[in-house]
Amino acid sequence: MKKIFWIKTALLGLLLGTIAGNVQAQCISNAGPDRNVCGNACTVLGEDTTQVGLVYQWSGLGGTPTSSINDTTLAQPQMCPNGNAGDVYIFQFVVDDPIAACSDTDTVVVVQTAPFNVSLGFTDSTICLGDTLRPIVNLNPAGTDYTYQWAVSGGSFQFNTTEAEPLLEPNATSTLTLTVNDTVTNCRDFATLTVTVNPLQVLVDPAATVMNPDQRVQFETTVLDGFPPYTYTWTPETFLSCIDCSNPEANPSESVSYTVNVVDSRGCRGTGNANIAVDPFFIPNVFTPNGDDINDELLLNYYEYEPGR
């Protein structure tokens, strides 16, 4: 029995020694590197991962308060400077292991820097559908250690969201938010840009019609979301009474497809289309005997004609 008791005692001692050695090896304090932190940003102190059984404690040295630390008993607390630019914070980080009876201490110095400001060369713009826009980003103070991230609401289009001044081609009115982060001080600021897209919709009435050869039809052009006055250009010119008006009359002897190009006072462009199908054997479904020589008689006619006559 004594031999068995001795073996059990030896194994227990060996096990406790191993556990104590492992815990003692973890009893190391690492407060992290000294750093600059922006006055409107936060930073995480410490580089130790939380270990069960260890006790962590942060305190201030040289009169540094701990009010800027969210929890002084965490291995990696969050610290948000709450003073003024140029203030120096010195923190002591103590790690205790009650079981292994070990303790370790480290310090870190945090300097609060002035926040920087991000602004755009313009905050609101109106562009035409299909046009491009490149924002102008101003940083104060200027630097090179910045990261950029754009976010979009109100539109869906592709661009480089991590570029400072990407080329934008929004397909709808959009609000863009730029987040700039200083990788040295953790300073962060935001700026927004609203882009109003002018789609310039062009509607032609009638957009499609079937008629006999040498009949007449008058187009009416309506422009939506544009800024008058407008200029009109119709193509092709064949069979039209005018090519620079909004309501030309067509007198075709053969089928034709028209396109009207419209430009508003801001240079935005849009197009509308009208298709005329000429059928020599066509029964009109409109009868307006008002004496204007258009659809005054309801006749069933067959037209023989040579295109271009």
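This is a predicted model: local features need pLDDT of at least 70, side-chain atom pairs count only at pLDDT 80 or more; totals for chains, interfaces and linings use all residues.
Residues are numbered from 1 along each chain as its sequence is written, and side-chain values use heavy atoms, with hydrogens and water left out.

Let's begin with the sheet. It is open and mixed, with 4 strands in the order E1-E6-E5-E3; strands here are DSSP runs of E, at least two residues, numbered from the N terminus, and two of them pair if DSSP finds at least two bridges between them. At the edges sit E1 (35–38) and E3 (55–60), each pairing on one side only. E1 runs parallel to E6 (residues 102–113), joined by 4 bridges, and cysteine 38 has threonine 113 as its bridge partner in E6.

Elsewhere, E13 (residues 201–205) and E16 (residues 220–224) run antiparallel, with 5 bridges. Glutamine 201 is partnered by leucine 224 of E16.

Now, which residues have the most contacts inside the largest nonpolar core? They are Val118, Leu139, Leu178 and Val180, in a core of 23 residues. Such a core is a set of buried (under 20% relative accessible area, 1.4 Å probe, protein chains only) Ala, Val, Leu, Ile, Met, Phe, Trp, Tyr and Cys residues joined through side-chain atoms within 4.5 Å. E12 gives the most to this core, with 4 residues. A second, separate core has 20 residues, including Met211 and Tyr232.

Definitions and conventions. Buried means under 20% relative accessible area, exposed over 50%, partly exposed in between (1.4 Å probe, protein chains only).
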